[in-house]
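Please open the model in your viewer and keep the sequence panel beside it.

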Amino acid sequence: MNRSKYLIFCAVALLLLGACRKYVENAPIQGQRVLAYTEDYRMLLNDRNNQEVAYGIAPMLSSDDADFTDAVIENRVGNNVIQRSMYTWAKPFYTDQQTDYDYNMLYSTLFVYNVVIEGVMDSKGGTEVQRSAILGEALIRRAFNYFMLTNLHGKQYDAATAATDPAVPLLLEPELMGDLTRTPVKTVYEQILQDTRRAIPLLPLTQEINDRPTKAAGYALLSKVYLFMRDFDNAAAFADSSLALKNTLYDYNTAVAGTTLVFPAQYNDPQILLRKAQRQVFSPLQLSQSLLNLLEPTDLRFVLFVKPGSSLSPAFSGYGFWSRSNYGGYPDNTAVGLSVNETLLIKAECLARAGQKDAAVELLNQLRQKRFRPADYAVLAAATPEEALQLVINERRREFFGGGLRWFDQRRLDKDPQFQQTVTRSFGGVQYTLAPGSNGFVFPLAQLLIQQNPEMTQNPN
């Protein structure tokens, strides 16, 4: 049987066990329909619940946007050993027979994408355009998953060490048993770029809903990947390509204009390029003072998404994150996929790094006009490129708090002397520190995964 014609059931379900080679062989079951038609492959990519997951709770708990100084919240996370480990950067997160559901889910969907990539162009019943669009979507989704996995479990991209730093297993065929030796960071990044470049010509300019990628999403992913590689020229160029196709920003003044606050769902939010969400959230999330210091009281992001802890459940001191899911029409906490607003901020960062301070700040002002009421809006200005760059990084933190994206910025900026920082937090009477260059920036693999696959190596403590 052609390897592309796996059972739909097997393609969706078997790899929910995780990226482990201890599987049974895939074999046809009498009476089951195999993948033969283009629509079969379309159906494989319609599994939103799994395929829209970007990552789990660890990036939010580990980031400096969270600071559990109140005993109520400290006890809440303290009662969960996994969450406590994530919050204190302690390893391992998972012990004994505990599994990493976030890692497993990303690899289970990777298996689906590999099935689609291998077989869709030989499928029956669809047009060449339909088959190509499905192939392009699977390629973008595979690239996004590997970008997430590498930035969760591999070291930050460093051109001097990326060729030897271990990332994650790079599986490019729909095999149920295979070698799970960890692939170097550089090789995984090269595959991400290759998949994305291959996908863009196949993708349409528009989609019915934002959980399917377009050309603008493909260019946005290239821009983000190059940003994390510190290739700022390419990051800027592909940001331009994406913004040339879609540059609409959602105006928060629209949300507060009426008596009832309503946000558009990510499926039709004009600034979402590819919808992705967290698999799990922590609530109530006590926000750090360093984040609150960046948010002006008149900033609509503060007005809408920050609430006194006394008004949340359970009540606590300080301030907490009030997610978009509390407003009608928005089905999840915050956008953590690809978006116009992040692509614009990537472009602004690249301009500032290139010494074009005024152009960088102009982009910030375009965004901020839609984050303040007209009476409260004030134009930003920067005296130097370094000041402009700091303004951009601050704006990223304001724009994306509550969803964990800050953690990925902390990782990549740890390679930048201007932004290296030491983060300390007290928990249970013990002080914990995340210092520059710390191994805490790299999440551990589940011990169970290492036990089952001896060719895999664990990240250092």
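Contact, a word used throughout this tour, means that heavy atoms lie within 4.5 Å of each other. This is a predicted model, in which local features need pLDDT of at least 70 and side-chain atom pairs count only at pLDDT 80 or more, while totals for chains, interfaces and linings use all residues. Residues are numbered from 1 along each chain as its sequence is written, and side-chain values use heavy atoms, with hydrogens and water left out.

**First stop: a loop lysine**

Select lysine 91, which lies in the loop between α6 (81-87) and α7 (101-119); helices (H or I, at least four residues) and strands (E, at least two) are DSSP runs numbered from the N terminus. Which residues does lysine 91 touch, if those up to four places away in sequence are not counted? They are Asn439, Gly440, Val442, Pro444, Pro460 and Asn461. Between lysine 91 and glycine 440 there are 349 residues of separation in sequence, but their C-alpha atoms are 8.3 Å apart in space. Lysine 91 has a relative accessible area of 19% and is therefore buried, a word that means under 20% relative accessible area, with exposed meaning over 50% and partly exposed in between (1.4 Å probe, protein chains only).

Stay in the loop between α6 and α7 and select tryptophan 89, which is also found there. Although tryptophan 89 is not a glycine, its phi is positive, at about 55 degrees, and with 11% relative accessibility it counts as buried.

**Second stop: the nonpolar core**

In soluble globular proteins, nonpolar side chains tend to be buried together. A nonpolar core here is a set of buried Ala, Val, Leu, Ile, Met, Phe, Trp, Tyr and Cys residues joined through side-chain atoms within 4.5 Å. In this model the largest such core has 134 residues, and Phe68 and Tyr146 are those with the most contacts inside it. Helix α8 (residues 128-153) gives the most to this core, contributing 12 residues.

Now select phenylalanine 68 and show what surrounds it: leaving aside residues up to four places away in sequence, phenylalanine 68 touches Leu61, Ile73, Glu74, Val77, Tyr87, Phe282, Leu285, Gln286 and Ser426.

Colour α7 and α8, whose axes come within 9 Å and cross at roughly 150 degrees; axes are lines fitted to C-alpha atoms, for helices over the stretch in contact, and angles run from 0 to 180 degrees between N-to-C directions. That angle makes α7 roughly antiparallel to α8, since angles under 35 degrees count as roughly parallel, over 145 as roughly antiparallel, 65 to 115 as roughly perpendicular and the rest as oblique. Among the residues that meet here are Tyr103, Leu106 and Tyr107 in α7 and Leu139, Tyr146 and Leu149 in α8.

Next, colour helix α9 (residues 185-199) and helix α10 (residues 215-228), whose axes come within 10 Å and cross at roughly 160 degrees. Helix α9 is thus roughly antiparallel to α10. Their contact includes Tyr189, Ile192 and Leu193 of α9 together with Leu221, Leu222 and Val225 of α10.

**Fourth stop: salt bridges**

A salt bridge is a side-chain nitrogen of Lys or Arg within 4 Å of a carboxyl oxygen of Asp or Glu, and the structure holds 28 of them. Select arginine 42 and glutamate 137, which form one with their closest N and O atoms 3.0 Å apart. Because arginine 42 lies in helix α2 (residues 38-44) and glutamate 137 in helix α8, the pair ties together parts that are 95 residues apart in sequence. Arginine 42 and glutamate 137 are both buried.

Then select aspartate 64 and arginine 397, another salt bridge, where the closest N and O atoms are 3.3 Å apart. Aspartate 64 sits in the loop between α4 (58-62) and α5 (71-78) and arginine 397 in helix α17 (residues 385-400), so this pair ties together parts 333 residues apart in sequence. Both of these residues, aspartate 64 and arginine 397, are buried.

**Last stop: two cis peptide bonds**

Finally, select serine 283 and proline 284, which are joined by a cis peptide bond with omega about 0 degrees; proline 284 is in the loop between β3 (277-278) and α13 (289-292). The peptide bond from serine 313 to proline 314 is cis too, with omega near -5 degrees, and proline 314 is in the loop between β4 (306-308) and β5 (319-321).
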